Amino acid sequence: MDLSEEEILKSDARYVTHGIGKIPMVVVEGKGAIIKDIKGNEILDCVSGTSGPVSVGYTHPRVVEAVKKQVEQLSHSLALFANIPRTELAERLASIAPSRLRGNCVTYFSTGGSEANEVALKFAMLTKKKAEAVSVFYSYHGGTLATLSLCGQSWTKLQYPRFPGFYQIPNAYCYRCTFGKEYPGCDFECARYLEYQLKLGSGEKNVAAFILETVQGNGGHMHPPTPEYFKIVREICDKQDVLFIIDEVQTGLGRTGEMWSCDYFKADPDILTCGKTLSGGGSPVAATLIRSDLVPSEVMDNIWHIFSMGGSPLGCACGVAALDILRDEKLPERAAETGRYMTKRLEEMYKEHPLIGEIRGPGLLIGVELVKDRRSKEPGLEEAMSVQMKSFQKGVLFGLSAKPGYGNVIKIKPPLNLTKEQADTALNTLDDALKEVKAV
Ligand code: PMP
């Protein structure tokens with residue numbers, strides 16, 4: 001199609017629904033951290049780890065090579081067969097998996113994070129022979145009806161029915177503690193609440209799983225202050241015979257500065273889900289890693305679950321390439337280093353900009369929470385939207401936490417191989433945008 005930007009946008013408006021808002025820009029190319037529009041304008045993409053899968057950077061040559069090679073040989077295979085890239089990726093994931101999953105997990109492959117979490121739930125329910133699940137406020141686990149019912153953000157609850165027996169408890173969000181307490185004097189009341197929920201708030205002994213993001217990506221990068229939180233919830237899950245699922249769809253594969261955020265927080269799940277970046281920006285692939293020793297043999301190949309496109313040789317070949325790149329280019333280490341640099345610079349900016357309420361890491365999973373006033377902590381919703389828009393007009397795309405709870409966190413999640421120069425460009429742009437936006 002040889003069309004102008006105007007014609008494409010017109011056709012797009014007529015024939016495509018974007019599902020969740022739109023930016024009037026026609027993207028034609030991506031290289032590293034840069035995307036280019038049809039007019040040749042370049043944007044530094046600092047969202048790619050969130051709504052896009054590109055932690056290794058757009059069109060990484062090794063991913064492109066893997067796609068070409070695999071497409072020429074075998075792009076799709078019936079799930080019932082074994083295929084070589086799928087077996088290789090499962091083995092590789094088992095060899096790098098965190099905690100007790102290391103060398104002791106089986107993987108179910110699908111194409112997206114929502115599917116990976118659906119599978120995690122099904123395994124937990126069939127294994128435990130229970131039908132309920134617990135998650136936390138502000139969480140995001142996917143867009144299918146079951147995973148939406150796990151979400152703890154108000155927008156996910158507007159028009160859809162909620163699954164019966166899916167409950168949310170307060171999250172670890174020290175900046176706005178549900179219990180009005182302060183760490184370290186709080187004795188992790190948010191973690192301990194899980195036990196009350198399991199004993200009193202849910203169907204008696206009917207909860208199969210507790211699912212958690214270590215860092216709540218969509219919700220605005222909130223996370224527990226120390227690994228102690230994860231130790232407490234792990235103990236409660238064991239005591240109450242509940243499986244512990246960690247959703248690493250956003251946090252996994254290097255973003256926190258470790259291969260897994262479970263490594264960073266010393267968390268020990270029974271099931272781990274990942275997706276997005278696993279494809280290296282090639283063909284979609286997502287994964288549910290399940291502790292082998294927990295799954296009864298009658299459940300193993302019998303969850304009556306299939307995603308036709310899941311575990312395709314093409315997606316899995318991209319996954320293997322992505323893992324090679326993460327290892328060879330030491331991307332987790334680079335994320336830690338660039339993340340430290342950016343967070344330090346942001347802390348300097350905190351002194352200049354009263355709009356900044358809190359800066360949260362870790363690694364390249366940075367959240368900058370904006371408030372109208374540091375004492376009242378009233379969320380700076382309009383301000384955050386305006387900062388995001390002004391930055392975009394200046395050539396840098398940042399993310400924004402989901403509204404309405406809360407849409408006031410600027411999210412910075414660039415490719416993990418962002419250069420120092422690009423990091424400075426992003427932060428200088430944010431600095432300029434913050435200077436232009438006053439609290440309203
Ligand atoms: N879990 C988390 C933590 C996510 O951030 C997302 C996507 N934003 C999902 C699950 C769903 O993944 P997908 O959009 O690939 O289905």
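Let's start with the second largest pocket. Its lining has 22 residues. Nearest the centre lie Ala79, Arg86, Tyr108, Met300 and Asp301. Keep in mind that this is a predicted model. The space in this pocket comes to about 710 Å³.

S4 supplies the largest share, with four residues. The lining of the second largest pocket splits into 15 nonpolar residues, five polar and two charged.

Where is Phe81? That residue sits in the loop between helix H2, 61-73, and helix H3, 84-96.

Let me step back to the whole chain. I count 13 helices and 15 strands in the protein chain. The radius of gyration is 21 Å, close to the 22 Å that the globule rule gives for 440 residues, so the chain is as compact as a globular protein of that length. Along the principal axes, the C-alpha atoms fill roughly 60 × 60 × 45 Å.

Rolling a probe the size of a water molecule over the atoms shows where empty space is left. How many cavities of 30 Å³ or more does a search of the whole structure find? Two.

The largest cavity first. Its volume is about 130 Å³. Its lining is made of 15 residues. Nearest the centre are Tyr173, Cys174, Cys177, Cys186 and Cys190. By class, the lining of the largest cavity has ten nonpolar residues, two polar and three charged.

The second largest cavity comes in at about 50 Å³. Its lining includes Val136, Asn171, Ala172, Leu212 and Glu213. Thr214, Gln216, Met222 and His223 are also among the lining residues, as are Pro224 and Tyr229. The classes here are six nonpolar, four polar and one charged.

On to the charges. The structure holds 28 salt bridges. Take one of them. Asp241 and Lys130 meet through their side chains, at 3.7 Å from N to O. Where in the chain are these two partners? Asp241 is in the loop between helix H7, 228-239, and strand S8, 243-247. Lys130 is in the loop between helix H4, 113-128, and strand S5, 132-136. The two residues are 111 apart, and the pair links distant parts of the chain.

Last topic: backbone geometry. Pro184 is located in the loop between strand S6, 166-169, and helix H6, 189-201.

That loop has another feature. Phe188 is also placed between S6 and H6. What is its phi? Positive, at about 50 degrees, although Phe188 is not a glycine.

The other cis bond on my list runs from Gly361 to Pro362. Omega there is near 5 degrees. Pro362 falls in the loop between strand S11, 356-360, and strand S12, 366-370.

A quick recap, then. The second largest pocket has about 710 Å³ of space. The largest cavity has about 130 Å³. Asp241 and Lys130 form a salt bridge. Over to you for questions.

Terms used
Residues are numbered from 1 along each chain as its sequence is written. This is a predicted model: local features need pLDDT of at least 70, side-chain atom pairs count only at pLDDT 80 or more; totals for chains, interfaces and linings use all residues. Side-chain values use heavy atoms; hydrogens and water are left out. On a 1 Å grid over the protein atoms alone, a cavity is a set of points where a 1.4 Å probe fits but cannot get out, and a pocket is an open set with protein on both sides within 12 Å along at least five of seven lines; lining residues have an atom within 4 Å of a point. Grid points are joined across faces, edges and corners, and a volume is the space filled by probe spheres set on the points. Ala, Val, Leu, Ile, Met, Phe, Trp, Tyr, Cys and Pro count as nonpolar, Asp, Glu, Lys and Arg as charged, and the others, Gly among them, as polar. The radius of gyration is taken over C-alpha atoms; the globule rule is 2.2 Å times the number of residues to the power 0.38. A salt bridge is a side-chain nitrogen of Lys or Arg within 4 Å of a carboxyl oxygen of Asp or Glu.
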